[in-house]
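Okay, everyone, let's get started.

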Amino acid sequence: MNNSDMEMSESLDRFREKKKIPKVIENEVLKALSFYPELQSVPIDFVFKQNIKKSVMQAQPKIETMFSSRKNWAYQINISALFKLTKTAIPIHQIPEDILVGWIGHELGHIMDYHNRSIFGMVRFGFGYLFSTKYIQQAEKTADTFAVTHGLAFYIIETKNFILNHAELPERYKQKIARLYLSPDDIVEQVRLLEAQKPAL
């Protein structure tokens, strides 16, 4: 490890607070977390799962923690251990680093959204996500918007392009992503609007 790598590792260390992270994706998770200083003291477990229905990653609150003060709420991000392609599968940690950072950054956007809600708001969110396509679209847009406003636009665009242009990903999955999530062009437009809102120096 060279000096710049050591400095980067040390600067990311503070984002380990109250986090449980599998070693093989530690660098990508800490890098994504570094864009969300508000989540530094929020407990989040990153957990490998063998099968997540229709998803690669999934952010959710730990229900048992939600009956106390919001500052004590904890969360879990489930991560599929295998990235499934049409004819094969690869370990998720073998996906390029920038793609993983973008994917995790999106899920952390969901946690930012959850952490701003009341328990009743979270119940409404759960029902909406289960039964309304429009609600899912809005929830995914909100997560992407949190990611973009926190500086992750490059990574989010890389992740979306990786999914939409991947020759070996199932077409049904790509269609779902195109239908429910912001497109790379939408993200670029969000960045343009954010830049336009910045005060001139």
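Before I name any neighbours, one definition: when I say two residues touch, I mean they have heavy atoms within 4.5 Å. And keep in mind that this is a predicted model.

Let's begin with N78. You'll find N78 in strand 4, which covers residues 75–80. Who are its neighbours? Leaving out residues up to four places away in sequence, N78 touches V47, K49, I52, V56, M57, Q58 and Q60. With Q60 there's also a polar contact between the side chains, at 3.2 Å. Is N78 buried or exposed? The cut-off for buried is under 20% relative accessible area, and N78 has 4%, so it counts as buried.

Now zoom out to the sheet. Strands of a sheet pair through backbone hydrogen bonds, and they can do that parallel or antiparallel. Here we have an open sheet of four strands in the order 1-2-4-3, and the pairing is mixed. Strand 1, at 19–20, and strand 3, at 57–61, are the edge strands, each pairing on one side only. Strand 3 pairs with strand 4 in the antiparallel sense, over five bridges. If you want to trace that on the screen, M57 stands opposite I79 in strand 4, and Q60 has Q76 of strand 4 as its bridge partner.

A quick stop on the way to strand 1. K18 sits in the loop between helix 1, residues 3–12, and strand 1. Most residues other than glycine have a negative phi. K18 isn't a glycine, and yet its phi is positive, about 60°.

Okay, on to the helices. Two packed helices are described by the angle between their axes and the distance between the axes. Helix 3, residues 97–115, and helix 6, residues 153–164, pack at about 105°, with their axes 7 Å apart. The range for roughly perpendicular is 65 to 115 degrees, so that is what we call helix 3 and helix 6.

Which residues make that contact? From helix 3 we have D98, I99, V101, G102, W103 and H106, and they meet F154, Y155, I156, E158, T159, F162 and I163 from helix 6. Sorted by class, the contact has eight nonpolar, three polar and two charged residues.

Let me pick out G102, in helix 3. Apart from residues up to four places away in sequence, G102 touches Y155, I156 and T159. G102 has a relative accessibility of 1%, so it counts as buried.

Last one: K160, over in helix 6. Its relative accessible area is 5%, so this lysine is buried too. What does K160 have around it? Setting aside neighbours within four places in sequence, K160 is in contact with D144, Y181, L182, S183, P184 and I187. The side chains of K160 and D144 are joined by a polar contact of 2.9 Å.

Methods
Residues are numbered from 1 along each chain as its sequence is written. This is a predicted model: local features need pLDDT of at least 70, side-chain atom pairs count only at pLDDT 80 or more; totals for chains, interfaces and linings use all residues. Side-chain values use heavy atoms; hydrogens and water are left out. Axes are lines fitted to C-alpha atoms, for helices over the stretch in contact, and angles run from 0 to 180 degrees between N-to-C directions. Helices (H or I, at least four residues) and strands (E, at least two) are DSSP runs, numbered from the N terminus. Angles under 35 degrees count as roughly parallel, over 145 as roughly antiparallel, 65 to 115 as roughly perpendicular and the rest as oblique. Ala, Val, Leu, Ile, Met, Phe, Trp, Tyr, Cys and Pro count as nonpolar, Asp, Glu, Lys and Arg as charged, and the others, Gly among them, as polar. Buried means under 20% relative accessible area, exposed over 50%, partly exposed in between (1.4 Å probe, protein chains only). A polar contact is a pair of N or O atoms within 3.5 Å; within protein, one must be able to donate a hydrogen and the other to accept it, and residues adjacent in sequence count only if both atoms are side-chain atoms. Two strands pair if DSSP finds at least two bridges between them.
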